[in-house]
Amino acid sequence: MLKIKVECFNLKYTLECGQCFRWQKIDNMTYIGVIKDRVLKVKQDNEYLYITSNNYDNLEQVVKEYFDLNTDYKKIEEDISKIDNNIKEALKNTSGIRHLKQDYFETLISYIISANNNIPRISKSVNLLSEKYGKKITFEDKDYYLFPTLDSLKDVSVSDYRNLGVGFRDNYIYSTVNDLISKNIDLKSLEDLDTDSLRNVLMEFKGVGRKVADCILLFAYARKEVFPIDVWVERVMSVLYFKENGGRLTKKQIQDYAKENFGKYAGIIQQHLFYNMRNGIIKQ
DNA sequence: CTGCAGGCCGGCG
DNA sequence: CGCCGGCCTGCA
């Protein structure tokens, strides 16, 4: 068992704020998930995380990277709470959301599936995809499946994807997988690009528009300044910052507002506002 | 039975 | 270019 001391960390908020799709809740403090090459069981007890896994190689490093444990969130939360009162109030409810660093390929495919979709269905499809094409891992007498590698999807057809319940997104996934293979694109090496260039590259994949690209930038490439705007963020922003226009505002207005006012941690702010709105803490 | 959900694509004005 | 209709699927 690995024990890690944490500060400004809330496991529940981090895993339930909508940034990831493959964690299974055991109770309010314990979750089981599959990340990269292993299965993790993580339990939080106040300032400690207790982690068990099928694979202890490099485990501490894997966990620290995934949960962004080398970043000082106490400082970040102090900084962003000074921006305005809305953020300060939201942070009181959701302090400790960590900005996960997830696998590039998994995030790309998962967020293509997320378009005009709901969380249970997204999770179902991602899990089915993994069960069908991912490597099986046995942990505590149960079977889990890694997210498939790019290579393991090379012969999967459009209708195979359709059978996972992804609907019209089937050919988006197919096209993206084929682009990655035929153009020999290395998602990791794209880290070298600046955020705007990287967004443009991502948006060339079918099924990746502005919102999906921004989620990939935030949740896989760790670009904390990116501010993805989905319907919930649209709602929360119109309630908190644009009440006088009766809620009728464009995404560009929101984008501009965030860029001008939220700074280099706009993505963290987005997660807190999203979680507050989504869970009815902030009302319409 | 309609409406709708973490949007995107493609066609049209 | 910006706008807008259509879209898998499952669940309220």
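Mentor: Taken over C-alpha atoms, the centres of domain 1 and domain 3 are separated by 29 Å. Chain A is assigned domain 1 (2-70), domain 2 (104-219) and domain 3 (231-278), with bounds that come from an automatic or database domain assignment. This is a predicted model, in which local features need pLDDT of at least 70 and side-chain atom pairs count only at pLDDT 80 or more, while totals for chains, interfaces and linings use all residues. Residues are numbered from 1 along each chain as its sequence is written, and chains are lettered from A and ligands numbered from 1 in the order in which they are written.

Now to the helix pair. Helix α7 (residues 158-166) and helix α8 (residues 170-182) have axes that come within 8 Å of each other and cross at roughly 130 degrees; helices here are DSSP runs (H or I, at least four residues), numbered from the N terminus, and axes are lines fitted to C-alpha atoms over the stretch in contact, with angles from 0 to 180 degrees between N-to-C directions.

From α7, Val-158, Tyr-161, Arg-162 and Val-166 make the contact, and they meet Asp-170, Asn-171, Ile-173 and Tyr-174 of α8, where contact requires C-beta atoms, placed from the backbone, within 7 Å. Five of the residues in this contact are nonpolar, one is polar and two are charged (Ala, Val, Leu, Ile, Met, Phe, Trp, Tyr, Cys and Pro count as nonpolar, Asp, Glu, Lys and Arg as charged, and the others, Gly among them, as polar).

Arg-162, one of the contact residues in α7, is also found around DNA strand C, together with Asn-116, Arg-121, Gly-165, Gly-167 and Phe-168; to be near a strand, a residue needs its C-beta atom, placed from the backbone, within 6 Å of it. By class, this surface has one nonpolar, three polar and two charged residues.

The surface near DNA strand B divides into six nonpolar, seven polar and four charged residues.

Key: Helix = DSSP H or I, 4+ residues; strand = E, 2+ residues; numbered from the N terminus. Contact = placed C-beta atoms within 7 Å.
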